[in-house]
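Keep the model in view while reading.

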Amino acid sequence: MSTGVDWPKVVQVSNRQRVEGLVADGLRSVGDAVPAPIKSALDASAAENARLSLFQAAESLRLQRLFEAAGIGLTFIKGTALALLAYGNIGIKHSWDIDIVVEDANVLAAAALLRTVGYVREIPDEGLDDGRFLEWSTFAHECLWKHPSRGLCVELHWRLTQNSSHLAHVFASRRVAVLDGQFISTLGDEDLFAYLCLHGARHGWSRLKWLADLAAWLVQMPPQDVERLHRVAQSAGVGRASAQALLLCERLLEFPLAPGLADELRSDRSTRWLVAIALHSMAGDDRMRQIEERLASEAMIQFSHFLLAPNPGAWVKELQSKSIGWNEFSRVRLPRPLYFLYPLMRIPSWLWRRIARLVGRP
């Protein structure tokens with residue numbers, strides 16, 4: 001097996017795509033065919049990933065109890081719940097943070113609760129007062145928190161995506177057992193499928209791990225059930241994201257689709273463009289750079305968000321969501337009647353930051 005394999009490249013690609021745990025697990029069956037230094041590097045990454053995943057699972061259970069005691073409903077998305085649904089194993093899936101979503105009316109209460117247990121808001125920073133934060137929350141859909149001593153990160157969402165026309169209805173609809181009869185709340189099958197497809201699509205599927213997690217969960221279902229999930233996603237306005245995800249699973253992971261479904265999905269020109277953009281985002285760079293370091297690829301992903309929009313109303317919402325960025329909002333405090341000036345700053349500011357990053361300026 002080792003003949004002709006560029007093993008250092010395997011490690012490099014695994015790290016870039018954040019699938020070290022999956023690769024290490026898959027290669028255990030080939031034994032001595034993997035060079036010892038490569039096996040050690042992959043096993044070390046997988047072990048660190050498993051350690052963090054177990055830590056996150058314990059913290060998720062703790063947050064579930066704390067929020068329930070405070071009367072604040074929350075839903076975990078991806079993370080520990082998805083690892084159990086997809087792999088039946090907490091330690092194999094890569095995850096760098098804990099994602100939770102609450103109703104927008106509970107955002108400030110959820111923020112206060114996170115502070116009481118030691119978390120500090122990093123994006124936007126704690127210098128932003130509650131009034132200004134609520135103003136920002138009308139344009140954004142999440143904020144990032146970090147625990148200084150534990151090193152854990154939590155993304156607190158009040159919507160599942162930046163475009164408020166997508167998946168605005170989603171709330172917890174099932175509980176997943178983590179250990180010893182302890183549960184965390186997560187999304188039901190239909191909402192989980194729609195969310196995972198839309199999340200991956202909005203990131204241009206720039207990391208294979210998102211597609212691998214989705215396929216590992218779906219492959220446990222018969223093809224007709226997967227097609228049913230796609231039809232539900234279509235009715236929810238995220239049909240192109242679903243079509244893109246399923247075609248990528250078929251092409252890259254040999255995922256079986258119901259007869260005729262693949263041809264139907266490929267018949268839409270916008271979906272074909274979305275697949276091409278995703279393939280370029282995931283694998284179109286020999287230097288293994290992150291997507292934010294590739295100006296053209298990031299611009300293509302931003303364009304793809306409009307391909308995902310199913311109607312003119314969603315196009316308008318997409319334009320609104322992109323019209324005000326955190327950098328401009330945080331640096332220039334305008335009264336609400338002058339918010340129309342933020343979009344005029346947005347594009348030149350975004351271009352300057354990307355060009356500065358490319359040439360190595362802070």
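**Terms and source**

Buried means under 20% relative accessible area, exposed means over 50%, and partly exposed lies in between (1.4 Å probe, protein chains only). Strands (E, at least two residues) and helices (H or I, at least four) are DSSP runs, numbered from the N terminus.

The model is predicted: local features need pLDDT of at least 70, side-chain atom pairs count only at pLDDT 80 or more, and totals for chains, interfaces and linings use all residues. Residues are numbered from 1 along each chain as its sequence is written, and side-chain values use heavy atoms, with hydrogens and water left out.

**An enclosed strand**

Strand β5 spans residues 153–157. Five of its five residues are buried, so β5 is largely enclosed by the rest of the structure.

In a regular strand, side chains alternate between the two faces of the sheet. Both faces of β5 are covered. C153, E155 and H157 are buried on one side, V154 and L156 on the other.

**Its partners**

Two strands pair if DSSP finds at least two bridges between them. β2 (residues 98–101) runs parallel to β5, with four bridges. There, I98 stands opposite V154.

β4 (residues 142–146) pairs with β5 in the antiparallel sense over five bridges. C143 has L156 as its bridge partner. β4 and β5 form a hairpin with six residues between them. In the turn, G151 has a positive phi of about 75°.

L351 lies in helix α16 (residues 342–358). Its relative accessibility is 36%, so L351 counts as partly exposed.
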